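Here is a walk through one protein model, taken a residue and an element at a time. Keep the structure open as you read.

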Amino acid sequence: MKTFVYLLLFLSIIVLSCSTSKNKSYPSYIVGEKKFERIFVNKDSLHIVTPSIELYNTSSESKADYSKRNQLQTSILERLKTELNNSEVHELELMSKDYLTANKVLERISFEKQNNPNLIITAPNEILIPNIKYSVLVRVFGYYGKTEKSILYITLINNKDKLIESVDRYDFNYSPLNNDLIDNQIKKALTKIIKT
């Protein structure tokens, strides 16, 4: 009899856990799921959001580098303007107050969308631009010095519907200060969101 009770309890737990896994609980910025379909945008109508850059110098101890970050941001903006026919640039404050890390909500959203493209994710108000359909946000996270690594994120934002349409991530084992390589990667990455 004891064995039967334990078996019944065990089966009840399994049934309960299976039923709760079907009713997914999402954070507030995730509004559901749908089959992912890549959207391509005319490059003349794609606006640019100020790139978000995080740079760390690993020559002695890992520390943020603000002057080189500004140089890289300027270089990326020039590349984007060239690729997007001098599209309008919208200055947004995306870094946290300590200037060491990007907006935490944006980081979580980027991670979720990149790993789960089927999720329908609302864009945070900080990155929305009124009266514009689409904009692109480039984010770079990188180390240079003893360790060299770069991570590039390209985010397509649907401002009208307040959604993150896509997030593409690219990882490289070279310095983020290598402007030619970063420029080439941005150029290639844009082909995934621009109509040809």
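Start with T50, which counts as buried because its relative accessibility is 5%, under the 20% cut-off. This is a predicted model. T50 sits in strand β2, which covers residues 46-57. What does the side chain of T50 lie close to? One of its polar atoms is 2.9 Å from the backbone oxygen of H90.

Now step back to the whole chain. The protein has four helices and eight strands. Read from the N terminus, the elements go α-β-β-β-α-β-α-β-β-β-β-α. So how much of the protein is buried? Buried residues are 42% of the 196 residues. Contacts across the sequence matter to the picture too. Take the contacts with a separation of 6 or more: 69% of them join residues 24 or more positions apart.

S45 lies in the loop between β1 (30-33) and β2. S45 is partly exposed, because its relative accessibility is 37%, between the 20% and 50% limits. The side chain of S45 reaches back to the backbone oxygen of N42, at 2.9 Å. S45 and I194 are 149 residues apart in sequence, yet their C-alpha atoms are 10.0 Å apart in space.

K81 belongs to helix α2. K81 counts as partly exposed, because its relative accessibility is 25%. Which distance separates K81 from I48 in space? The C-alpha atoms of K81 and I48 are 8.0 Å apart, while 33 residues separate them in sequence.

Helix α2 has a helical partner. Two packed helices are described by two values, the angle between their axes and the distance between the axes. Helix α2 (residues 66-83) packs against helix α4 (residues 179-190) at about 40°, and their axes are 10 Å apart. Are the two helices parallel, perpendicular or oblique to each other? Angles under 35 degrees count as roughly parallel, and 65 to 115 as roughly perpendicular. α2 and α4 are therefore oblique. The crossing of α2 past α4 is right-handed. Which residues make the contact? On the α2 side they are L72, S75, I76, R79, L80 and E83. On the α4 side they are N179, I182, D183, I186, K187 and L190. Sorted by class, this contact holds six nonpolar, two polar and four charged residues.

Stay on α4 and look at Q185. This residue is in helix α4. Is Q185 buried or exposed? Q185 is buried, because its relative accessible area is 15%. Leaving aside residues up to four places away in sequence, Q185 touches L152, F172 and Y174.

S175 is found in the loop between β8 and α4. S175 counts as buried, because its relative accessibility is 10%. The side chain of S175 reaches the backbone nitrogen of L177 at 3.0 Å. S175 also touches Y143, Y144, E148 and S150, again not counting residues up to four places away in sequence. What is the spacing between S175 and I151? They are 24 residues apart in sequence and 9.9 Å apart in space, C-alpha to C-alpha.

N131 is in the loop between β5 (119-122) and β6 (134-144). Its phi is near 65°, a positive value in a residue other than glycine. N131 counts as exposed, because its relative accessibility is 83%, and the limit for exposed is over 50%. K162 is in the loop between β7 (149-158) and β8 (163-172). K162 is not a glycine either, and its phi is positive, at about 60°. Is K162 buried, exposed or partly exposed? K162 is partly exposed, because its relative accessible area is 47%.

Notes:
Residues numbered from 1 in each chain as written. Predicted model: local features only at pLDDT ≥ 70, side-chain atom pairs only at ≥ 80, totals over all residues. Heavy atoms only, no water. Axes fitted to C-alpha atoms, helices over the stretch in contact; angles between N-to-C directions. Parallel < 35°, antiparallel > 145°, perpendicular 65-115°, else oblique. Left-handed = near helix turned anticlockwise from the far one by under 90°. Contact = heavy atoms within 4.5 Å. Nonpolar A, V, L, I, M, F, W, Y, C, P; charged D, E, K, R; others polar. Buried < 20%, exposed > 50% of the residue type's maximum accessible area, 1.4 Å probe, protein only. Polar contact = N/O pair within 3.5 Å; in protein donor to acceptor, adjacent residues only side chain to side chain.
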